[in-house]
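Thanks for coming. I have one structure to show today, and I will keep to what can be read from it.

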Amino acid sequence: MNINVGIGFDTHKLKKSGDLIIGGVIINNDYSLEGDSDGDVLIHAIIDSLLGAAGLGDIGHYFNKNNHPKSSLKMLKKTNDLLINNNFVVNNIDSTVVCEQFSIKEYSQEMKNEISLILCIKPNQINIKGKSTDGLGFLGEMKGIAALAISSLLKDN
Ligand SMILES: [Zn+2]
């Protein structure tokens, strides 16, 4: 059994309208994230970490401006299909969401439930942490939200 690991990072600009969706969950907030999709920064970072671990390139290779679903969870589903087709099984995912607006803790269990459902794994195989930047930089000034993720995959061969 081989173990492969991959990292992912993403950031999106905040705007003052619409639904803020992170980890597939709607966050009670005055802001939303800009993007061609729903701007789900955590799901995008997780997708990149999964693709990275599988050696399958990056999110931009599979989803470009004219060709991707609005829902990032649908993008995650397509990513999981790619993993299955290449004989990979998700072992675990760890992640950090960097934002000043709200406490990730309140929403992390719901996010884990959403993500694990799509990846056909248990919620406890996913970890989601929140972090602020103490008011520093574009994240601290609430101009955007960033997310980091690391995944490990198992492959039989
Ligand atoms: Zn993104």
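This is a predicted model: local features need pLDDT of at least 70, side-chain atom pairs count only at pLDDT 80 or more; totals for chains, interfaces and linings use all residues.

Residues are numbered from 1 along each chain as its sequence is written.

Confidence, then. The chain averages a pLDDT of 94, pLDDT being the predictor's confidence in each residue, from 0 to 100. Of the residues, 100% score at least 70. Helices (H or I, at least four residues) and strands (E, at least two) are DSSP runs, numbered from the N terminus. Confidence is lowest in helix H5, residues 137-140, at a mean of 90, and highest in H1, at 98.

Next, the core. A nonpolar core here is a set of buried Ala, Val, Leu, Ile, Met, Phe, Trp, Tyr and Cys residues joined through C-beta atoms within 7 Å. A residue is buried if 20 or more other C-beta atoms lie within 10 Å of its own, exposed if 12 or fewer, and partly exposed in between, with C-beta atoms placed from the backbone. The largest nonpolar core has 43 residues, and Ile-46, Val-97, Ile-145 and Ala-147 touch the most other members. Elements giving two or more residues to this core include helix H1 (41-54), helix H3 (72-85) and strand S5 (88-98). H1 gives the most, with 10 residues.

Now the helix pair. H1 and H3 pack at an angle of about 10 degrees, with their axes 10 Å apart; the axes are lines fitted to C-alpha atoms over the stretch in contact, and angles run from 0 to 180 degrees between N-to-C directions. That makes H1 roughly parallel to H3, a label for angles under 35 degrees.

Last, single residues. Val-98 is in strand S5 and is buried, because 20 other C-beta atoms lie within 10 Å. Leaving aside neighbours within four places in sequence, Val-98 is in contact (C-beta atoms, placed from the backbone, within 7 Å) with residues including Lys-131, Leu-139 and Ala-147.

Which residues have a positive phi without being glycine? Asn-87 has phi near 65 degrees, and Cys-120 has phi near 55 degrees. Asn-87 sits in the loop between H3 and S5 and counts as exposed, with 12 C-beta neighbours inside 10 Å. Cys-120 sits in the loop between H4 and S6 and is exposed, with 10 other C-beta atoms within 10 Å.

Key:
Angles under 35 degrees count as roughly parallel, over 145 as roughly antiparallel, 65 to 115 as roughly perpendicular and the rest as oblique. Two residues are in contact if their C-beta atoms, placed from the backbone, lie within 7 Å.
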